[in-house]
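User: I'd like to talk through this structure before I set anything up. Could you start with charged pairs and then move on to the rest?

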Amino acid sequence: MELLFIKIKNELFNRITSVIDFLFFYLKLHSVKPYSFPGNQLGIIYLGENLPPRIARMYKWLKRKYAINGVLVCAQNGYNSKFVEMEFDSVYLFRNKWHLYGILQKINGANLIHAFGPKSYYPDMARQFMPLTKFVYDMQDVLGIYFGLNTDIRWFQKEFPHEKNCLQFADGLVSHGLEPIPAYRVYGIKEKRNRLFFPLFCDDDRFCDNVHKLSDGFHVVYAGEIQNSNRDKKQFGNIQFDDLIDELSHQKIHFHVYPSPSTNPLLYNQYLEVANTNPYFHLEKSVAQSELSKELSKYHYGIIPFFKSTSGQSNDKYKYSTALKLFNFIEAGIPTICSEDIEFQAWILKRNYAGFSISQEDVKTLGAKLNSIDYTAIQRNLIRNRPRLSLANNIHSLYKFYNRILQ
């Protein structure tokens, strides 16, 4: 009931402020502080509805290495300070479409918009509002491949036309996973020639090595979204952890969960009760990206337990997706236990000696497998191979991509 109230309140706020901001826009009454990009630097507007951690991580390394100036333009209710590791040159938070237009009118000299998803409505509005500015779309989660285009999830249906527009009309596409491969097929559009495969990578500043581990048995950690078990299993089944908690507890494996800072605690409050009664389950407090790897490093393994049978998400979603938590675990210097169903992520682990994959059935005997592993050796391999997954060593490809789009 509380979640419904929050949704209704946000919708009313959007509608009421839209009327006001519509008038302000046409009467040019928005009190927005103007911003002009320096002429001697590459000027980028980073724009989207919900700010993911990857944007600030990428921008930090671009700023360190190149003459670049970045402005963040983000929805007010989608901005999370725990996802910003360094300040952008300026930050604007908008309430609705008309407020966004008022802000974009006050930003002068941008070379390029780097828009980010997965929600595409505001990026598509910005693309149409600034047709002469080059537009790059940054895709991690493609909504069209979760359940197909015939899903009955209403907010997905509203987003599909805008997602298709961004994929079809962008001057370039940055993809962190392989989801654009099936996305072009689902939407029936021609593949973009200007496309950069740019994995989420690791932040070199967050590398941890040989940190002291908890000693009372094995401690496995998860960081990311988590949902109460009473919500729709088709959508959220792979992040509902009741069964996993029972399986790990039965084997006396400690399971620690760090909910994403962007997840409302109302969505996982049932796990507080579990943590109070189960000595092997620990619901931790959300932490900022800047603190996460240090916090994760005290555990033995990270885990990504997304199995096909637990939700109604498509085979394409499982096969091609990627997640930042994988790279957070690598930053922390801990091997990852990964579902074999998320094939691309399992491949990254194997290629970089960063952990191992398991089937859902293997969870029942995970304790025996962990006891048979030479932990020192697997962690040593991970740390030795980690630099090739670092942002510092790969950010040049994103900068070159920007310049290719502009040329």
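Analyst: Let us begin with the side chains of Asp89 and Lys63, which meet in a salt bridge with an N to O distance of 3.0 Å. Please keep in mind that this is a predicted model.

User: Where do Asp89 and Lys63 lie in the chain?

Analyst: Asp89 is in the loop between strand 3 (68-75) and strand 4 (90-94), whereas Lys63 belongs to helix 2, so the pair ties together parts that are 26 residues apart in sequence.

User: And is Asp89 buried, exposed or partly exposed? What about Lys63?

Analyst: Asp89 counts as partly exposed, because its relative accessibility of 31% falls between the limits of 20% for buried and 50% for exposed. Lys63 is partly exposed too, with a relative accessible area of 27%.

User: OK, how many salt bridges does the count come to?

Analyst: The count comes to 17 salt bridges. One of them joins Arg54 to Asp138, with the closest N and O atoms 3.0 Å apart, and this pair links distant parts of the chain, since Arg54 sits in helix 2 (residues 53-65) and Asp138 in strand 7 (residues 134-139), 84 residues apart.

User: Are Arg54 and Asp138 buried or exposed?

Analyst: Arg54 is buried, with a relative accessible area of 5%, and Asp138 is buried as well, at 0% relative accessibility.

User: Which residues are linked in a network of salt bridges?

Analyst: Such a network links Lys60, Arg64, Asp203, Asp205 and Arg206. There is also a salt bridge between the side chains of Glu361 and Lys364, at 3.4 Å from N to O; here Glu361 counts as exposed at 53% relative accessibility, while Lys364 is partly exposed at 45%.

User: Switching to the nonpolar side, what does the largest core look like?

Analyst: The largest nonpolar core has 55 residues, and those with the most contacts inside it are Phe241, Phe255, Leu296 and Ile337. Helix 12 (residues 324-332) supplies the largest share of this core, namely 6 residues. Apart from it lies another core, of 39 residues, including Tyr35, Leu104, Ala115 and Tyr146.

User: Which residues does Ile337 touch?

Analyst: Leaving aside residues up to four places away in sequence, Ile337 touches Val220, Tyr301, Gly302, Ile303, Ile304, Phe356, Ile358, Leu366 and Leu370.

User: And what forms the nonpolar patch on the surface?

Analyst: That patch has about 1100 Å² of accessible area together, and among its members are Ile8, Leu12, Ile16, Phe22 and Leu29. Ile8 lies in helix 1 (residues 2-27) and is partly exposed, with a relative accessible area of 45%.

User: What about backbone geometry, where is the cis peptide bond?

Analyst: The cis peptide bond joins Gly117 and Pro118, with omega at about 20 degrees, and Pro118 is found in the loop between strand 6 (112-116) and helix 4 (121-129).

User: What is phi for Phe201 and for Lys252?

Analyst: Phe201 has a positive phi, near 65 degrees, and Lys252 has a positive phi of about 60 degrees. Both deserve a second look, because most residues other than glycine have a negative phi.

User: Where are they, and how buried or exposed?

Analyst: Phe201 is placed in the loop between strand 9 (195-197) and strand 10 (219-224), and it is buried, with a relative accessible area of 6%. Lys252 lies in the loop between helix 8 (242-250) and strand 11 (254-259), and Lys252 counts as exposed at 57% relative accessibility.

How values were computed. Residues are numbered from 1 along each chain as its sequence is written. This is a predicted model: local features need pLDDT of at least 70, side-chain atom pairs count only at pLDDT 80 or more; totals for chains, interfaces and linings use all residues. Side-chain values use heavy atoms; hydrogens and water are left out. Patches are made of residues with over 30% relative accessible area and no salt bridge: like charges are joined within 9 Å, nonpolar side chains (Val, Leu, Ile, Met, Phe, Trp, Tyr) within 5 Å. Accessible areas come from the Shrake-Rupley method with a 1.4 Å probe; for residues, only the protein chains shown count as cover. A salt bridge is a side-chain nitrogen of Lys or Arg within 4 Å of a carboxyl oxygen of Asp or Glu. Helices (H or I, at least four residues) and strands (E, at least two) are DSSP runs, numbered from the N terminus. Buried means under 20% relative accessible area, exposed over 50%, partly exposed in between (1.4 Å probe, protein chains only). A nonpolar core is a set of buried Ala, Val, Leu, Ile, Met, Phe, Trp, Tyr and Cys residues joined through side-chain atoms within 4.5 Å. Contact means heavy atoms within 4.5 Å.
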